[in-house]
Amino acid sequence: MKITPIKLVFTLAFITIITSCNNKYSKIEKANWFIGDWENASDEGSFREIWTKKNDSIYSGISIVVIEQDTVFYENVSLEQKNDSVFYNVSVKGQNKDEAVSFYLTSSDNDKLVFENPNHDYPSKITYSKVTKDSIVAEIFGLKDGKKITESFPMNRKQ
């Protein structure tokens with residue numbers, strides 16, 4: 001069977017379209033292990049992140065710290081895929097004019113995601129690592145008062 005140049009072009013175009021449709025959300029899908037209710041409870045208080053899948057391109061979440069019965073920290077977070085890029089967006093009421101700060105996904109594999117915003121002082125880098133299916137660690141890095149700071153937030157899936 002002879003393949004004409006026009007058939008070859010149409011075949012390659014079709015394969016490209018099918019492949020790109022199948023991979024449209026592949027980057028955000030690497031974060032499927034985010035979905036759930038995560039907690040680090042101690043005598044001092046409770047740190048929780050609760051993530052849900054809003055649709056194929058947006059995961060939404062909240063991050064809260066509760067001490068005794070008082071919520072002392074609350075932020076809205078989201079993972080959002082736009083075209084071929086994934087962003088980690090954080091907004092805290094009363095900070096940054098209530099606008100979200102975005103961090104760009106700079107590297108990822110099945111067990112670790114790295115988000116960075118070099119223009120933001122603290123944090124400028126946020127990582128999430130999957131330790132097991134029921135255990136993750138979030139870490140934030142940056143400059144605070146001119147000093148390099150790293151904070152680690154280990155969490156377990158809440159049952």
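Modeller: About 30 Å³ of space lies in the largest cavity, and keep in mind that this is a predicted model. With 30 Å³ as the cut-off, the count comes to one cavity. So how do you spot a gap like that? Rolling a probe the size of a water molecule over the atoms shows where empty space is left.

The lining is made up of K27, I28, A31, L79, V86, L105, L113 and F115. Sort those by type and you get seven nonpolar residues, one charged and no polar. Helix 2 (26-29) and strand 7 (112-116) each give at least two residues to this lining.

Across the chain, the mean pLDDT is 86, and 84% of the residues reach 70 or more. Residues 7-25 are another story: pLDDT stays under 50 there, and the model has six contacts beyond four places in sequence for that stretch. Where pLDDT is low, the predicted coordinates should not be read in detail.

While you're looking around, follow the strands too. Strand 1 (residues 36-42) runs antiparallel to strand 2 (residues 45-55), with seven bridges joining them, and a hairpin of two residues links the pair. Find N40 and you'll see its bridge partner in strand 2, F47.

Methods: Residues are numbered from 1 along each chain as its sequence is written. This is a predicted model: local features need pLDDT of at least 70, side-chain atom pairs count only at pLDDT 80 or more; totals for chains, interfaces and linings use all residues. Side-chain values use heavy atoms; hydrogens and water are left out. pLDDT is the predictor's confidence in each residue, from 0 to 100. Contact means heavy atoms within 4.5 Å. Two strands pair if DSSP finds at least two bridges between them. Helices (H or I, at least four residues) and strands (E, at least two) are DSSP runs, numbered from the N terminus. On a 1 Å grid over the protein atoms alone, a cavity is a set of points where a 1.4 Å probe fits but cannot get out, and a pocket is an open set with protein on both sides within 12 Å along at least five of seven lines; lining residues have an atom within 4 Å of a point. Grid points are joined across faces, edges and corners, and a volume is the space filled by probe spheres set on the points. Ala, Val, Leu, Ile, Met, Phe, Trp, Tyr, Cys and Pro count as nonpolar, Asp, Glu, Lys and Arg as charged, and the others, Gly among them, as polar.
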